Amino acid sequence: MGQSSSSSSSLDETPIGAQVSDARRLSIHDPRLTWRATKLVDSLASAQNAPVYRVDLTNITHDDAGISVADALKIIYREYRDVQTLILRFNNLTQCPTLDEPLPQLRVFSLENNSIQDLKLDIDRLLLLEEINIGSNPLQSFPAEIEKMVHLQVLKCANTMVKTVPDWVGSLKSLRKIDLFNAQLVRLPEALCQLSGLTHLDLGNNYLTDLPTTFPKLHNLEWLSLNKNTWRSDSLFPEGSAVGLSNLRSLFMSGCHLSEIPSQVYEMASLTQLDLSDNKLAKLSIHLLNLTSLTKLNLNKNVPIEEQAHFKDFYEQLRLHIVEEREGVLVWKSKLEETAIPAYDSDIAPKFTHPDKYHHVSLAAPWGASTYSMNELVDKIRGLVFGAALADAVGLATEFLTREEALFYYGGHSKTEQLTPNNFIRDRHRRAFVPFDWTDDTDQMITLMNYLTDCDGNITPQGFAERLLHWSQHGFADLGDSVGQGIGSTTLSILSHPNFTADPYKVAKDVWDQSGKTKAPNGALMRCAILGVPLFYDFSTVIRQTRIASMVTHVDPRSTASCVTVTTIIANMLRGNCRDNRSMLESLEKVLDTARKEMTDATRSDQEFIRSFNATTFEELQLNTNIGYVLKTLGCALAGLRMSTLPNHNSLSDAFKSIISKLVMFGGDADTNATVVGALLGCHWGFSNLPKDWIDSLVFRHWLLDQTEKFIDKLKLEDQTTSSPRPK
């Protein structure tokens, strides 16, 4: 982390310009959770001399925050000439605010999640836009001014009521991506097919029955969603579609009431992903064998298991096999996808000749994936990230101290007020960090989170290895880093190997072999909690991705089993399976059965794993011995989680402080132990229940929130996951 010696201060005292000058962006996410609203105008003004490229005014409301969108925009229009991205989400706007002056560099503009019914745009101020998002508004029609945005590349109009797409859309020749999910569409114009450069088109959740006859002219289309419409399967794709759509890689036709697969699909030889789930398919054609590039086929919720069993030989020809059973229905996926994951009893991981086919997923969660609302899910994801960072920063106070030394310096965990950044001892180890900065534990989790953001959840061993190596060599430049700091010895030896990015599993296994297969440090466990988030509704994918990201540096089965434990607990939390203490404890029993499958034998290691999993107190773990051992950290995670079910705290915020403070007073690998516990408690209780004074003290909190929001944006939670019924 950053090595500046500047001291931290509370949010209402720190000028925003201080963050902007490093991060080159100004993010104003819900001021009620980030800084004092009364200081917001002054903070905006204080940043006027810093270059600001991205302004995010999410959830700024006049009544609640002390400032209106118009007030904030007046400062932005007056002072910032280089803004490229302007976001005005969740502000209950009924119209686009007046743009007083042109913003010559503005390229991305978002008005999503407001209350606009009839949108009027100041086209003279927006002519150079490349992306506009007007989704999640009660719009009745497309704004006519968009017709003049000739540079527009991305048009997002999801969750609206526009019903039809105007003919003039065909004149926007620069368009590459269009999102019309749940836009109440009843027809598509032929003019849409004039967009020969279009690569992504989302038509899901509408009332469409036919595609335009010229649809095959979309020669560059790579990604197409036709989910949840009432297509006529016999004439869904117009004549010539198989030839015209020669670049189509991903096709989604879930919930379309199809009784048979449209014949032209069999000729789309470039398809790698085909989703036919939730239809009425009673039989499959041998012509599916024509799809030689297919790596994922989803037939969930079609015919019963006993009928699918008759197709076993047929699926073997397709290179497909059963990987999961969900409520009596089989899901079929590519053998290539499964065998690319190294097994513990194999000598070495397979060569990854085609990393682009390694693991393809979609981050759009299905409806009903969680019993929580979108806002509750977002709160829990923020809580996971900030819970880990806060606990990590507190854990730095006692890292590598003995319990006796921690008690000597800080006076015991009963005096939790002494665990503040101003009272941290400044010995040689702690002087390397800014007061109340997090350590490499959270750094690596952020590196993984940012990688998930950039790759849309499609992680590969080489891809993550390259990100991890780059962080180790450079740190986070936005925070003043010149190198990744505090890396553990095992991880460092692996990252330093010249072949690490080419074959990370082999390098990690060689290092493990050289240790006599005895070392099982916690370097992978400290970063892995975030992997429970993107595909939380699909446990098999959560486990698969956990293996990939953990075994890049740590291949010991005890490490993998521990990582799978934490990520599946996170996934259970986000699904709503841990709402109360009883359901939490019941969920843990199921997680144990899942995680134990990652162990290679049922001997000493397996029994030791079970003992750590069943820990209820920190004392029983003997945290001052065998420091850094992964099962010690796992035991802390489970003990801390069980402590959260005890009714002996005034508030959840106090409970978080108490559990983390008690843990770090044992010293040892305090920051890593606390990071994992903090991630679990933060996800369980949510960001809104984390201690506000600790958040205010976290030195790079604004930057961390910005990274988290970018990750959350990629999850499309507002479009796909809610506790309310799916819009009709």
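Predicted model: local features only at pLDDT ≥ 70, side-chain atom pairs only at ≥ 80, totals over all residues.
Let me begin at a single side chain, Lys156, which is partly exposed, with a relative accessible area of 29%. Lys156 forms a salt bridge with Glu131, and the closest N and O atoms of the two are 3.5 Å apart.

Let me step back to the chain as a whole. It has 26 helices and 14 strands, and of its 728 residues 60% count as buried. If we take the contacts between residues at least 6 apart in sequence, 62% of them join residues at least 24 apart.

Returning to the charged pairs, how many salt bridges does a search of the whole structure find? The search finds 19. Besides the pair I began with, there is one in which the side chains of Asp454 and Arg467 meet, at 2.6 Å from N to O. Here the link runs between helices, with Asp454 in α13 and Arg467 in α14, residues 461–474, and the two are 13 residues apart. Asp454 counts as exposed because its relative accessibility is 51%, where the cut-off for that word is over 50%, whereas Arg467, with a relative accessible area of 29%, is partly exposed.

A further salt bridge stays inside one helix: Asp513 and Lys509 have their closest N and O atoms 3.2 Å apart, and both residues lie in α16, residues 504–514, four residues apart, or about one turn of the helix. Asp513 counts as partly exposed at 30% relative accessibility, while Lys509 is buried, with a relative accessible area of 15%. There is also a network, in which salt bridges that share partners join Arg89, Glu112 and Asp713.

Now to the aromatic residues, where the structure holds 12 pairs. One of them brings together Trp223 and Phe252, whose ring centres are 5.2 Å apart and whose planes stand at 45°, so the pair is tilted. Trp223 lies in strand β9, residues 223–225, and Phe252 in strand β10, residues 250–252, so this pair ties together parts that are 29 residues apart in sequence. Both Trp223 and Phe252 are buried.

The pair of Trp438 and Phe700, by contrast, is edge-to-face, with 6.3 Å from centre to centre and 70° between the planes. Its members are 262 residues apart, Trp438 in the loop between α12 and α13 and Phe700 in the loop between α24 and α25. Trp438 is buried, with a relative accessible area of 0%, and Phe700 is buried too, with a value of 14%. These two rings also belong to a cluster, in which ring pairs link Trp438, Phe476, Phe700 and Trp703.

Two arginines deserve a mention alongside the rings. The charged end of Arg403 sits over the ring of Phe666, 4.1 Å from its centre, and Arg575 lies over the face of Phe539, at 4.6 Å from the ring centre.

Which backbone oxygen does the side chain of Ser370 reach? The side chain of Ser370 reaches the backbone oxygen of Leu574, at 2.6 Å, and a polar atom of that side chain also lies 3.0 Å from the backbone nitrogen of Tyr372. Ser370 itself lies in the loop between α10 and α11, and at 4% relative accessibility it counts as buried.

Lys163 has a positive phi of about 70° although it is not a glycine; it is found in the loop between β6 and β7, and is partly exposed, with a relative accessible area of 47%. Gln184, which is not a glycine either, has a positive phi of about 60°, and is found in the loop between β7 and β8. Is Gln184 buried or exposed? With a relative accessible area of 16%, Gln184 is buried.

Methods: Residues numbered from 1 in each chain as written. Heavy atoms only, no water. Buried < 20%, exposed > 50% of the residue type's maximum accessible area, 1.4 Å probe, protein only. Contact = heavy atoms within 4.5 Å. Polar contact = N/O pair within 3.5 Å; in protein donor to acceptor, adjacent residues only side chain to side chain. Phe/Tyr/Trp six-rings, centres within 6.5 Å; stacked < 30°, edge-to-face > 60°. Lys NZ or Arg CZ within 6 Å of the ring centre and 35° of its normal. Salt bridge = Lys/Arg side-chain N within 4 Å of Asp/Glu carboxyl O.
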